[in-house]
Amino acid sequence: MDMEELKLTVYFEDPFWVGVFERTQNGTLSVCKITFGAEPKDYAVHAYVLRHFYELHFSPALSARQHVQCSNPKRRQRQVQKQLSGAGVGTKSMQALAAQREQLKTERKQQSRAQQEAEQQRRFEQKQRKKLEKHKGH
């Protein structure tokens, strides 16, 4: 059973409005957090999703329970009201965002380390060239 569910929660996180995409797919949960800035209108959020959805960087997948759709319309309406009145983002989503931050942090460390090593190598080669040029002059 290949079931995918996508949920967007927009909430105010001082001083910006933030949107959290939660993608549940085959029992795994991955999350992406975007910052809107000023309070976004519904049509602005819709336009953002249409334009930039494929550019979003989702976190590594975590295992999650798969929610089964209930067929009772009254129950669905109660669930919608509960979601609208609730705070929004769940703990699994926060864990996924933390995992994404850690992953980006390690990638940044690797990149900066590689840049530092390249810069050290460049300086060393420059010193060697200067030394040779000074020596050739005599």
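Colleague: On what basis are the values computed?
Modeller: The model is predicted, with local features needing pLDDT of at least 70, side-chain atom pairs counting only at pLDDT 80 or more, and totals for chains, interfaces and linings using all residues. Residues are numbered from 1 along each chain as its sequence is written, and side-chain values use heavy atoms, with hydrogens and water left out.

Colleague: How many bridges join β2 to strand β3?
Modeller: Strands are DSSP runs of E of at least two residues, helices are runs of H or I of at least four, and both are numbered from the N terminus. Two strands pair if DSSP finds at least two bridges between them. Strand β3 covers residues 28–37 and runs antiparallel to β2, with T28 in β3 as the bridge partner of Q25. The number of bridges joining β2 to β3 is nine.

Colleague: Which residue takes a positive phi in the hairpin of β2 and β3?
Modeller: This hairpin has two residues between the strands. The phi in question lies near 55 degrees, and the residue is N26.

Colleague: Is F21 buried or exposed?
Modeller: Buried means under 20% relative accessible area, exposed over 50%, and partly exposed in between (1.4 Å probe, protein chains only). Because its relative accessibility is 2%, F21 counts as buried.

Colleague: Over the face of which residue does R23 lie?
Modeller: A charge sits over a ring if NZ of Lys or CZ of Arg is within 6 Å of the ring centre and within 35 degrees of the ring normal. The ring concerned belongs to the aromatic cluster of F21, F53, Y54 and F58. R23 is at 4.1 Å from the ring centre of F58.

Colleague: Which residues do salt bridges that share partners join into one network?
Modeller: A salt bridge is a side-chain nitrogen of Lys or Arg within 4 Å of a carboxyl oxygen of Asp or Glu. E119 meets R122 at 2.5 Å, N to O, and R123 meets E119 at 3.4 Å. The network therefore consists of E119, R122 and R123.

Key
Phe/Tyr/Trp six-rings, centres within 6.5 Å; stacked < 30°, edge-to-face > 60°.
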